Amino acid sequence: MIDRLNHVAIVVPDLDAAATIYRETLGARVSAAKDMPEHGVTTVFVELDNTKIELLHPLGSGSPIQNFLDKNPSGGMHHVCYEVTDIIEARDRLKAEGARVLGDGEPQIGAHDRPVLFLHPKDFCGTLVELEQI
């Protein structure tokens, strides 16, 4: 069902500083910051040959990742994102197997302008999983 690893997301307390570390210290290609008010985050993508790293920073007081940052002031890994060819088929199969889909269960448009869903970390070895339709 899952295909490639699309990205690993890391919540950071300072988006500019994190982007600078990846760009200047590690020599990676780093995208411009993109505000996503509908998700309450600002994202930056570190583009690697085989995958991406998504740097996440809270946007606004209602950001869903603010609690994560409050508990982990230095930041840390937030989720992994896997590609799927049919997100509805994947969702229905996972739900039939007892996996919990977060939110209302309907795909939302993610940072790559594609449908995404999040799966409960308690169902996946303690890891928040994002599925992105390719």
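**Group meeting: a walk through one predicted chain**

Okay, reading along the sequence, the pattern you get is β-α-β-β-β-β-α-β-α-β-β-β. That makes three helices and nine strands. Here helices (H or I, at least four residues) and strands (E, at least two) are DSSP runs, numbered from the N terminus.

A quick word on where this comes from. It's a predicted model, where local features need pLDDT of at least 70 and side-chain atom pairs count only at pLDDT 80 or more, while totals for chains, interfaces and linings use all residues. Residues are numbered from 1 along each chain as its sequence is written, and side-chain values use heavy atoms, with hydrogens and water left out.

So, the overall shape. The C-alpha atoms fill a box of roughly 45 × 35 × 25 Å along the principal axes. Of the 134 residues, 41% are buried, and buried means under 20% relative accessible area, with exposed over 50% and partly exposed in between (1.4 Å probe, protein chains only). Now contacts, meaning heavy atoms within 4.5 Å: take those between residues at least 6 apart in sequence, and 53% of them join residues at least 24 apart.

Let's zoom in on two residues. I10 sits in strand β1, residues 5-11. Leaving out residues up to four places away in sequence, I10 touches Y22, I53, E54, L55, L56, G76, M77 and H78. Its C-alpha is 14 Å from that of E47, which is 37 residues away along the chain.

Next, G40, in the loop between β3 (34-36) and β4. Buried or exposed? G40 counts as buried because its relative accessibility is 6%. With residues up to four places away in sequence set aside, G40 is in touch with H57, P58, L59, S63 and P64.

Last stop, the largest pocket. Elements giving two or more residues to the lining include β4 (41-47), β5 (52-58) and β9 (128-133).

That's the tour, thanks!
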